[in-house]
Amino acid sequence: MNKPKLSFWQIWNMSFGFFGIQFGWGLQMANMSAIYQYLGADESTIPFLWLAAPLTGLIVQPLVGYYSDRTWTRLGRRRPYFLVGAILASLALIAMPNSSSLWMAAGLLWILDASVNISMEPFRAFVGDKLNKKQRKLGFAMQSLLIGLGAVLSSSLPWMLSNWFGVTNAEGATGAIPQTVKIAFYVGSGVFFAAVLYTILSTKEYPPEDMEAFEQMKRESAGVGNAFKEIFEGIGSMPKAMKQLAVVQFFTWFGLFCMWIYFIPAVATHIFGGTDHGSEAYQAGAEWGGVCFSVYNGVAFFFAFLLLLIVRKFSAKGIHTTCLAIGALGLLSVAFVGDAKLLLASMVCVGIAWASILSMPYAMLANVIPGSRMGFYMGVFNFFIVLPQIAASLGLGYVMTRLLGGNTMNAVLLGGASMLIAAFCVRFVDDDESVDGAAVSLED
C-alpha cells in the first residue's frame, strides 16, 4: 500500500498520546524509588521491588504487538489497545500514591506498568502503519519530542507543587507518601487519559488491504498457544541488524535502569545529606532529583528538533553512537559534582542520549522488518529493553551490598559504564538490511 505523505500536524496528532503515556511513565520513573523508601524499603531491596516493571513488559509487549497485528475493529487496529491501556493506567495512577504498605505499592506497580505497556507498545507500530519510509524517522523523532515534553512536566511536578504552589509535605516526616506526590499522580491520571483519547479521536487507521486474507490469517493463528509459538520462532528469525541492535539495547537500558533506581537516592543522600528517608533534607534531595529528571527529558524534547535536521546529513548509526557516548559521560560525571545545580549539566548530556534512545534504534529497526508484522517485531524488540531491567532488578541488590558497599552513587557510575559499552557496540550494527528481498536504506 502506498501511504500518503502526512502533514506535520497529522503526525503530531497521531503521536500526541505519547505525551500522556510519558507523563504517567515519568511519574513512575521519578518517584517509585522514593515511594518505596517512604514505605520502609532500604537500598538493597529497591531493585527487587522494581522487578514488576520489566517482567510485565516482557510478557505484555510482545503479546499486545502480536494481537494488535491481528485486530481490526470499528475503532481500528492499534487504537483499541490505546484506549484500554489508558483507562487502566489512569486508575492505577490514582491508586498508587495511596499505597498503605510496601507490597501494596509493588503490586500496583505491576498493574500500572502492564496498563502503560498496553497503550505504549502499539504506538511504535503505529508509526510503521501510518508513515512511509521517508517519514518514519520524523515520526519517531516526533514521539521523542512528545515523550520529552511529558517527562519534563511529570518529573518536576512534585517540586513545582512544593515550591510554586506552596503544597506542604509534612506527612513525609512520618513515613507517609508526601502530598506533592499524591497530587502529581492525580494530575498524571487525567493527562494520560486525555492525551491518548485525543490521538484516538483525531487519527484514523488504514484497514487491511485484503480483508479476506487478513481474516484467514487471524483464524489460522488464533489462540494463546500460537501467539507464544510465533513469538519464540520470531526471536530466532530476527533480521541480522535487529540482533545486533539487541546487544546495544541491553547495555543501554541496563545503564538507564541503574540511573532510574539510584540517581534520586544518590542525590538525596550524597548531595543533600539526607541520611533519614523522612527528613526534610532527603525530601528536598528527592524533589531536586525529580527536577534533574525533568531537565534531561527537557533536553531530549529540544534535541528532538535538532534530530529532525541532523538525520538528513548523518546516519542513524553515527548519531546514536555519539549520543550514547555523551550520555555515558553525563552519568559518569555525577560522582564528581558537589553542587546540586551542577547536576543539571550532567543531565543535559543524559538528555541528548535519551532523545536518540527513543528514536534512532526504532528508525533503524522499522526499515528492516516486514510491515505485516510491525507490531509483533516491535514487541519482540522490547525484550531487549526489559531483559536488562530484569537483570538489574535481580542482581543490583547483591551488587549494591557486596561490591558497591551500599553506595548509591556507585550504582549511577555503573550505569554510565554500561551506556559507554552500548555506544561502542553500535559500531557493529549492520544498518544496510533488506525486507522481503528488497534493499532498504535508512536514508530512504
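Is R79 buried or exposed? Keep that in mind as we go through this predicted model together.

1. **R79 and its partner.** R79 is buried, because its relative accessible area is 10%, and buried means under 20%. Its side chain meets that of E205 in a salt bridge, 3.5 Å from N to O. This pair ties together distant parts of the chain: R79 lies in helix α5, while E205 is in the loop between α8 and α9 (211-220), 126 residues apart. E205 is buried too, with a relative accessible area of 11%.

2. D129 is buried, as is R78. Together, D69, R78 and D129 make a network of salt bridges. As background, side chains of opposite charge can pair when their charged atoms come close. The count of salt bridges comes to 3.

3. Helices α5 (79-95) and α8 (179-202) each supply at least two of its residues, and α5 gives the most, with 3. I87 is found in α5 and counts as partly exposed because its relative accessibility is 40%.

4. **Helix α5 on the inside.** S90 is also in α5, yet S90 is buried, with a relative accessible area of 7%. Leaving aside neighbours within four places in sequence, S90 is in contact with S189, F192 and F193.

5. **The helix α12.** How far apart are the end C-alpha atoms of α12? They are 44 Å apart, which agrees with the 45 Å that its 31 residues should span at 1.5 Å a residue. There is still a kink of about 30 degrees in α12, centred on A304. Of its 31 residues, 22 are buried, so α12 is largely enclosed by the rest of the structure.

6. L306 has its place in α12 (residues 280-310) and counts as partly exposed, at 37% relative accessibility. L306 and A141 are 165 residues apart in sequence, but their C-alpha atoms are 9.5 Å apart in space.

Conventions: Residues numbered from 1 in each chain as written. Predicted model: local features only at pLDDT ≥ 70, side-chain atom pairs only at ≥ 80, totals over all residues. Heavy atoms only, no water. Helix = DSSP H or I, 4+ residues; strand = E, 2+ residues; numbered from the N terminus. Buried < 20%, exposed > 50% of the residue type's maximum accessible area, 1.4 Å probe, protein only. Expected span 1.5 Å × (residues − 1). Bend = angle between axes of the 7 residues up to and from the residue. Contact = heavy atoms within 4.5 Å. Salt bridge = Lys/Arg side-chain N within 4 Å of Asp/Glu carboxyl O.
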